[in-house]
Amino acid sequence: MKVALIGAGGFVGARIIESFQLGEGPSLTAIGRHPAELTSAARFAIDTRVADFLNVESLARSFTGCSVVVHAAGGAPADLKRGATVLCRAATLAGVRRIVYLSSADVHGLCPPVGTDEKSALHPRHVDETHHALVQAERQLFTEARQFGLATFALRPALVYGPRSKVIAQLASALRKERAGLIQNGDGICNCVYIDNLVAAVRLTLRAKTGAGAAFLIADKETLTWREFFHAAASEFSSSAGSILSLGEVPADSSPSAADEAPAPLALPPDLIARQRCTWKLPIARAAQELGYEPPVPFAEAMRRSFAWWRFAQGEFSVAA
């Protein structure tokens with residue numbers, strides 16, 4: 001099996017390459033929009049190719065010799081739906097019959113209603129146009145896949161964190177400045193997934209005998225509150241939670257910007273503030289049953305690895321880091 005990886009230069013794509021190359025394969029073709037996006041992939045002796053993700057012929061040529069495509073690239077909202085169409089048609093033209101598409105749990109919104117799972121209807125009423133575009137892209141993906149008879153899996157990862165992630169870098173920066181904050185006492189549910197747990201789900205879909213034509217929520221096993229997430233981060237960061245601020249209650253129906261007006265400004269992006277209002281743990285039962293998904297890295301170890309990377313990135317080269 002040879003896998004074509006679209007989005008090789010991104011956070012998730014780079015980790016897929018590392019995992020496959022340093023682990024047990026499979027063979028990869030790394031695909032980027034520009035040569036600069038393939039710099040990280042070039043560390044390994046793998047095939048690298050440049051393609052236009054919105055051009056059927058260009059993308060099809062980059063799939064030559066591959067039997068599976070993993071799509072891990074982002075894009076502007078206006079291009080996401082068109083990109084799903086191009087992906088399926090390029091795969092068909094190249095003779096590729098299986099697609100693994102990395103979508104996002106954000107198709108359900110940042111605060112999904114209690115009871116949300118993969119069968120919940122997706123809606124176009126998202127505040128962020130990117131989330132709306134993700135919904136449209138998924139719908140288009142499955143429409144095209146059915147038309148061309150492609151075995152297609154859409155993975156919907158929760159908030160992805162880990163070494164080199166913006167989540168960890170921004171949280172560490174906030175803790176350093178003592179500007180990390182919790183709303184509603186941090187009791188909201190933190191729907192997150194460690195990067196290597198997501199990569200494990202990708203591996204499963206490459207050979208899965210069931211589940212084609214479906215979407216799968218991918219998250220860590222543990223049910224965590226944001227308070228637990230922040231305190232674990234603070235413990236790894238400085239062995240102290242003293243840098244976490246409490247903003248008290250924020251009305252559940254207020255906009256993300258409302259938290260920005262609180263007495264203690266946050267260093268975290270508005271979307272992370274909105275996520276703290278969530279009251280539902282996204283289930284991974286379908287992925288477990290149909291793909292055999294079992295997150296291999298527990299939360300405590302994931303945080304240890306994440307902040308070991310952060311300390312290394314800051315120039316701390318001790319064995320402990």
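This is a predicted model: local features need pLDDT of at least 70, side-chain atom pairs count only at pLDDT 80 or more; totals for chains, interfaces and linings use all residues.

Residues are numbered from 1 along each chain as its sequence is written, and side-chain values use heavy atoms, with hydrogens and water left out.

**Overall count and network**
- A search of the whole structure finds 16 salt bridges, a salt bridge being a side-chain nitrogen of Lys or Arg within 4 Å of a carboxyl oxygen of Asp or Glu.
- A network of salt bridges links R15, E18, R43, R164, D196, E301, R304 and R305.

- E18 and R164 form a salt bridge whose closest N and O atoms are 2.9 Å apart; E18 lies in helix α1 and R164 in the loop between β7 and α5, 146 residues apart (helices, H or I of at least four residues, and strands, E of at least two, are DSSP runs numbered from the N terminus).
- E18 is buried at a relative accessible area of 9%, whereas R164 is partly exposed at 39% (buried means under 20% relative accessible area, exposed over 50%, and partly exposed in between, with a 1.4 Å probe and protein chains only).
- R227 and D187 meet in a salt bridge at 2.6 Å, N to O, and this pair joins helix α7 to the loop between β8 and β9, 40 residues apart.

- R275 forms a salt bridge with D271, with the closest N and O atoms 3.5 Å apart, and both residues lie in helix α9, 4 residues apart, about one turn of the helix.
- R275 is buried, with a relative accessible area of 11%, while D271 is partly exposed at 30%.
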